[in-house]
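Subject: Structure handover and findings

Hello,

Here is the structure you will be working with. Please open it next to this email and follow along.

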Amino acid sequence: MAETHVPHSQKQTAAPKRLGKQRWGGATPYLFIFPWIFGFVVFTLGPLLFSLVISFFDWPIVGKVTFIGIDNYKEMFSNDPLFWTSLMVTLKFAALFVPLNIIVALGLAMLLNQKVRGSAIFRTAFYLPSVISGVALAMIWSWVYSGDYGILNYFLSVFGVEGPDWLNDTKWSLVAMVIASLWGQGAMMLIFLAGLKGIPKDLYESASIDGAGKIRQFFSVTIPMITPTILFNLITSIIAAFQQLTLALLLTGGGPMKATYFYAMYMYENAFKYFKMGYSAANAWFMFLIILTLTFLVFKSSEAWVFYEGEMKKSQSKPAKSKANASRKEQSI
């Protein structure tokens with residue numbers, strides 16, 4: 001048979017076309033994620049790095065910018081008593097808010113996980129407070145906590161209890177902030193509910209056959225199976241506790257006697273009340289280090305109490321390996 005002759009010019013032009021298609025085909029996924037990458041770099045990573053830079057400057061909103069090195073950090077630790085006051089208030093708030101937030105959200109999720117009529121209505125009702133704006137939430141709780149006409153003190157008076165002036169009493173103002181913050185944890189409740197829905201029913205059936213009651217099933221089946229969810233909600237609660245600002249700013253303004261003067265309010269006032277942007281950036285980076293440290297400690301501790309289905313803990317896998325190696329040695333002998 002006669003061979004068909006392909007002109008040399010066609011051979012040269014065919015390859016570049018295929019290479020061009022391959023090149024653009026490989027870039028297509030990056031074109032789809034480019035809007036997110038652009039937004040992340042411009043609106044998240046860029047401001048984050050810029051805040052680190054200005055933390056080493058005396059950076060007023062209007063005026064001359066001066067490089068001062070680590071003087072902002074020195075002043076924060078040695079010459080600013082409000083720094084320690086706000087930090088202690090925030091740590092107290094976190095110590096109360098974080099465990100209560102986990103307990104309340106898990107309790108509501110357990111209730112919604114029951115097979116009852118109208119569960120979807122209750123689910124919506126419990127979630128609605130989390131979508132209310134912070135300003136509206138503060139207005140509602142200012143009415144609830146009012147010492148003269150507040151509904152909370154009226155409810156306590158029905159039982160013969162004289163309620164305190166919640167927002168103007170140094171003993172109760174921080175507790176009032178914790179209660180108001182707990183009211184909007186619908187998103188965490190739904191996360192717990194999703195975790196509860198993912199627990200296999202046969203685990204409860206096996207535990208029931210072994211004679212375990214409801215309480216024993218809760219601590220032996222439910223809690224171990226949702227420990228990854230608890231880990232996630234624990235970290236988000238810690239972050240939310242250190243970023244608390246809106247309620248205290250609108251309800252108490254940091255009072256009375258700095259009892260609700262949160263660290264986030266301290267940063268806010270340094271930046272937008274005293275116009276010390278560099279000093280406020282240094283405050284923000286110290287908060288970042290605190291949250292990073294606490295998150296790291298929680299992750300390290302999770303190796304001892306978080307259970308992932310299909311995985312064994314390191315403490316359990318090591319003895320199993322040693323037993324397997326011992327059995328192999330015995331067989332070889």
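Contact here means heavy atoms within 4.5 Å. Among contacts in the protein chain between residues at least 6 apart in sequence, 67% join residues at least 24 apart.

Some ground rules come next. This is a predicted model, where local features need pLDDT of at least 70 and side-chain atom pairs count only at pLDDT 80 or more, while totals for chains, interfaces and linings use all residues. Residues are numbered from 1 along each chain as its sequence is written, and side-chain values use heavy atoms, with hydrogens and water left out.

**The whole chain**

The protein chain has 15 helices and two strands. Both are DSSP runs, numbered from the N terminus: helices are H or I with at least four residues, strands are E with at least two. The chain exposes about 21,700 Å². Carbon and sulfur atoms supply 67% of that area. Accessible areas come from the Shrake-Rupley method with a 1.4 Å probe; for residues, only the protein chains shown count as cover.

Of the 333 residues, 32% count as buried. Buried means under 20% relative accessible area, exposed means over 50%, and partly exposed is in between (1.4 Å probe, protein chains only).

**The cores**

A nonpolar core is a set of buried Ala, Val, Leu, Ile, Met, Phe, Trp, Tyr and Cys residues joined through side-chain atoms within 4.5 Å. The largest one has 47 residues. Which of them touch the most other members? They are Met76, Phe93, Met177 and Tyr263. Helices that each supply at least two residues of this core include helix 2 (71-78), helix 3 (81-112), helix 7 (173-182) and helix 13. Helix 14 (277-305) gives the largest share, eight residues.

Look at tyrosine 263 next. Leave aside its neighbours within four places in sequence. Tyrosine 263 is then in contact with Met76, Phe83, Ser86, Leu87, Thr90, Asn283, Phe286 and Met287.

Helix 7 is mostly covered, with eight of its ten residues buried. Met177 is one of these buried residues, and Leu174 and Val178 are also among them. The buried residues of helix 7 pack against helix 3, helix 5 and helix 12.

**The loop between helix 12 and helix 13**

Threonine 252 sits in the loop between helix 12 (246-251) and helix 13 (263-272). Is threonine 252 buried or exposed? It counts as buried, because its relative accessibility is 18%. Beyond its neighbours within four places in sequence, threonine 252 is in contact with Leu167, Met177, Leu247 and Thr260.

Proline 256 lies in this loop too. A cis peptide bond joins glycine 255 and proline 256, with omega about -5 degrees.

Methionine 257 is in the loop between helix 12 and helix 13. Its phi is near 55 degrees, a positive value in a residue other than glycine. Methionine 257 is exposed, because its relative accessible area is 76%. Lysine 258 is found in the loop as well. Lysine 258 has a positive phi of about 60 degrees, although it is not a glycine. At 35% relative accessibility, lysine 258 counts as partly exposed.

**Helix pairs**

Axes are lines fitted to C-alpha atoms, for helices over the stretch in contact, and angles run from 0 to 180 degrees between N-to-C directions. Angles under 35 degrees count as roughly parallel, over 145 as roughly antiparallel, 65 to 115 as roughly perpendicular, and the rest as oblique.

Take helix 8 (residues 186-197) and helix 11. Their axes come within 10 Å and cross at roughly 170 degrees. The two helices are therefore roughly antiparallel to each other. Helix 8 brings Met188, Ile191, Phe192 and Gly195 to the contact.

Now take helix 10 and helix 11. Their axes come within 4 Å and cross at roughly 55 degrees. This pair is therefore oblique. Ile223, Pro224 and Met225 in helix 10 meet Thr227, Pro228 and Ile230 in helix 11.

Serine 220 is also in helix 10 (residues 214-225). Serine 220 is partly exposed, with a relative accessible area of 40%.

Best wishes
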